[in-house]
Amino acid sequence: MSDYPVLNRELSWIEFNARVLQVALKDSVPLLERLKFLGIVTSNFDEFFMVRVAGLKAAIGRGDHSLDASGASPEQLLAMVSARVKELVGIQYKCLAEHVLPGLAAAGMEILPPRRWSLGEKRYLEGYFSEKVFPLITPLRIEEDVFPSTGNLQLQCAFELETESGEKVYAIAQVPKNSGRFIPLPKQDDDDPDIFRFTLIEDLITSYASRLFPGHKVNSSLVFKVTRDADSGVDEDRQEDFLTAMEEVLAGRQNSTPVRLSVSGKAAALVAILQKGLGLGEIDTYRLNGPIDLSGFYDLASIEEKSHRKTNSKLRDKAWAPVVLPGPEGASVWDEIDSGDRLIHVPYESFGAIQRFLDEAADDPSVLAIKMTLYRTSGDSPVVKALIRAARNGKQVAVVVELKARFDEERNITWASTLEQAGAIVTYGVARLKVHAKVALAIRRTKDGAIHKYLHLSTGNYNEKTARGYSDLSIFTANDDLCREASALFNMLTGYSTIQPLTHLAVAPFDLKKRILSLIDREIQRSSPESPGLIEAKLNALADTDVIEAFYKASRAGVIVRLNVRGACTLLPGIPSLSDTIEVRSILGRYLEHSRIFHFRNGGLDEVYLSSADCLPRNLERRIELMFPVIDEGLQRVCVEIMATYFKDTDHAFRMLPDGSWEGVKPMEGEIPVSAQEQLYKRVKRMAEIAEAPPEQLQVRRRFKSD
Amino acid sequence: MSESTNQGVRHVKEAKAVPAANPVAAMEIGSTGIRLLIASIEATGGIKVLDRAGKPSRIGRDVFTQGNIGREAIRESIAVLASYRELLHGYGISPDETKVIATSALREASNRDTFIDRVALQTGFKIRIVEDIEENHLMYLAVQQALQDERKILSRSNSMILEVGGGTTEIMLLKHGKMMSSHSLHIGTLRLDEQMREAGASKNYLQEFLEGNIRTACDLMAEYMPLDSINSFIVIGSDARFAAYCVSGQNLGAYSILGREDFIAFAETISKLSIEECIATYHLPWAEAEGLSSGLAIESLFLARTGASQVIVPNVSIREGLLLAEVRGLDPAVEEELKQQVLASARALGKRFRYDEAHARSVSVLCLAIFDSLSKEHGLGYHERLLLETAAILHDIGTYIRASGHNKHGEYIVSNSEIFGLNRSDINIISNVVRYHRRSPPAPTHVNYISLPREDRIVVMKLSAILRVADALDRNHSGRMIDASFEKGSEKFLIRSTRNLDFSLERLSLADKGDLFEDVFGLVPTVL
């Protein structure tokens, strides 16, 4: 237990998900977006239970009663987690049932429960079931000593059956995965072409269950889902991928220890049977008042797109097309970077700027080598295509790949071996340390034989898909010191060299944490009552106790600390004599906040750093992460301005209170709510407009001497 | 400055055409690791570092324990070199273009030729083993480059440049920025470890052992220069750099300065930690942590003997020196300075053996004048001229032992001494020239002569011929022929003095010693 007050990490994370839920509850948010956020709440909880709650249960299982930093034991925590999550899930489903679904229905997208199927629809569905669904279902009987496999996060149906002799029998059947969750109902002749009706596949199965069990009577049924321990190898930041989580299927680990049972339906006997078979209790059972697993519901959006409704902006957020800031006419990316460092802010700006760097590196004959880290990407990614092209063009391509062996086996291995076959050097990270740093380096030789290096350092992954939904910052630079140190870092990552001490870049797990702590310490030294120090930090999570302690110390010394933490934050702000000068905000808007920024006033010699790491022990001590300085003063000012913009948000922002709870930040009386993300987008658009305005040409008259 | 400088200016090497800004690479196969440096040479002649890499190697450990490089070490080293080849490929540098040197560990390995051969075959890198003295020379170049800003201070003080390696410790003593002497001691961090292990010794013993050895070494060095007069202590190597980083916590730039007491205190802190503790506290790789404690201990002991209040740690290695040596053709001034260092080192050696300084100077002047007037005939260049001058300075050094046969004693002394800036083959030539400055000329039975490569034998012949004549001209050590002028005739080499003196002594001497000259140049040296 720590000496100073901190929150429990699990509970703090749950409050993050509560904030995500708040977005879904907002009337001002378009309906499909609200639906999306309801789905994100579900997938976030899935991940949370698979990893964090599984950890708690495992601790309880082996009799570990040690207290965490906040002073709670695993049993206490489990109880608190269960209570709060149930509360939130209740709110989630209430929102779904009372606001979102009815709203969508009114707008022409309706999900019909069985009791509302018309006769015609019933006939159609029966046929659909027989033809398309029935062949895919394998019911399994629940025996006294044999409980069938229920997979992980798979939708299942459970049935209480009665034989002709009156014997009660229980069975389960997995909902087929690849048939789609939403079954479109046929349109009636007089239907408005813009009205879509669906029903859920699990409703279809439970309605026609008797077909599955000839000779039995179906007494009751319910739908359920089991969440299992995903093993410690899982990347805790999976919540980053909520947009892609729908694409991915969690393979493997289908039979590890159950951690949670989610049920929809009332059959008490069935619930008891399931609990017994899975070894779970009431504390682990979550009764949902609606369809299980909302994470797939955003698929409705893609169905909706097929309609003529594309111009209807009422259900969706108005898209903000990523901006491409034009550079000087005809200049190569090398000329641009040579003339000055550049800052890219996705998704407001397009990932294209980064893709262009990779494409030019691949195609420009003057480029000798490209080195980069790749974390979570796919085989058809243009990033990988550029690298393959580069290798085929005879350049030396060195890629440090982060393989999630557990979850991405096939996909990752395929594109990685394609790269190798094209001649690239592929290394699979450093033993025991996940490579989370995001860096790309191009080495180029100009005609005079001189070597030039161009460096890209980012807070976000080289993934054009996530670059459309996550906000991230990155820098292009040709700074000698940074380039040389990046080379040294790659030498270490690719095995050419042992660790070399670096002075500009800070690398976890070597000296990144030390650097942060010493920067905080320096700010304390430089702070005085007349001129208090200032630390601004934007992070995705803050739970490292050493860093928190340093912030508390800074606050006690009078340093102003402004924190913008998207997810879990176990520091408590505003506590007298501890954290008076600390303010914590959290922004949850249409884009997932992913960038990590640090700003230290440093007595007037401001310093700004960007980082790939969050302040979690796992990141700072068990991963390769990178924190890099923003050297260009103009770009420093831009970063500081970005951070200030977040603190002015009165639309999507939350403020943390000294007791650890959160409240929404509201605009003043009569003011329109300001959205930071919208402001940031507008800023980038303005810059594009200015850049595109044709420069005024001055006509110069001059007489030239004839030769 | 001495007369030779005037002639020196005329004979400064022609500057080579400035090479393209292509990147260059230097690699060192040392006793604790294999290290690579990739840099580009700037128009000013300075070095801009592009990339660095280093991996630990077992070579030193093997050689200092069993005398040869084991199979595992060979395999490992080749793997590292192969990975470096790959890294270099990313800069468009081929193994041929990379300068690869090896120092003490490979030098002492009984299977070094096999190793070099295998490396060449499997990786394409050609390794050149450097002698201690050349190591020193390269280190000096690197240090000089790094400490450019401190030049003024260095030129006013006495300094010691120290590098503690795995197998040897290299020391250079400079007086007012000029090389006085360079030394190579058989004390190294790995060697020490091995000796300790063999002796089954404890840490206390280590301290005593070190103190004893270092005291002996310091006493020896004190003959060249009193150590307490040294006020600049320059120490090179990763342990010193690490100490500088820890003590000041700052960006190193070209070099760092730390206080004497801070350095000693830090060395003491480290000596109390075990290797595991070092690794845990400072996140060092094993290979570095291993040698850290003994390296710093040795450095502290030397520091204590000097009067330096500060420790200067340049952020360079022998690899920078290697690259600088390659480009020295760019800068005639650097060449000239190095030449002065060689001569100063030779003179210091002469002093040690109580040579006749005036006579040596006279003979040098005469040698150079003769050399210059016959440049077409002998076809030798700047480097050979330097060797001649050095031989002239040292030719009578053997009289320290005994006048009779002093040319042979001189040969022995020279070939077993260290002259800064010259490598083994240079020393071999000079020692032979010293031997042949009197009495019998080279003969097939003379082993030291015959074992030289053919080109070197020819050089020895030519230089010895000139030295014999010059020595004859200063037979009475009076320097009275020093302003003579020389002219080639068709059959005679005419020597004219402005002084109106009786030169019978010189003529007699020439008759005796001019034989080789006649054979080599086909001219009879004649005093008019």
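Is A:Glu349 buried or exposed? A:Glu349 is buried, at a relative accessible area of 5%. I will come back to that residue. Please keep in mind that this is a predicted model.

My topic today is salt bridges. Side chains of opposite charge can pair when their charged atoms come close. Over all chains, the count here is 57 salt bridges. I will go through three of them.

Let me start with A:Arg211 and A:Glu126. Their closest N and O atoms are 2.2 Å apart. A:Arg211 sits in the loop between helix H5 (201-207) and strand E7 (217-228) of chain A, while A:Glu126 belongs to helix H4 (residues 119-133) of that chain, so this pair ties together parts that are 85 residues apart in sequence. A:Arg211 is partly exposed, at 33% relative accessibility. A:Glu126 is partly exposed as well, at 32%.

Now back to A:Glu349. Its side chain meets that of A:Arg342 in a salt bridge, at 3.6 Å from N to O. A:Arg342 counts as partly exposed, with 22% relative accessibility, whereas A:Glu349 is buried.

B:Arg468 forms a salt bridge with B:Asp515, and the closest N and O atoms are 3.4 Å apart. B:Arg468 is in helix H22 (residues 454-473) and B:Asp515 in helix H24 (residues 515-521), so the pair ties together parts that are 47 residues apart in sequence. B:Arg468 is buried, at 2%, and B:Asp515 is partly exposed, at 29%.

One last item, in chain A. Salt bridges with shared partners link A:Glu336, A:Arg342, A:Glu349, A:Arg356 and A:Glu360 into one network.

Methods:
Residues are numbered from 1 along each chain as its sequence is written. Chains are lettered from A and ligands numbered from 1 in the order in which they are written. This is a predicted model: local features need pLDDT of at least 70, side-chain atom pairs count only at pLDDT 80 or more; totals for chains, interfaces and linings use all residues. Side-chain values use heavy atoms; hydrogens and water are left out. A salt bridge is a side-chain nitrogen of Lys or Arg within 4 Å of a carboxyl oxygen of Asp or Glu. Helices (H or I, at least four residues) and strands (E, at least two) are DSSP runs, numbered from the N terminus. Buried means under 20% relative accessible area, exposed over 50%, partly exposed in between (1.4 Å probe, protein chains only).
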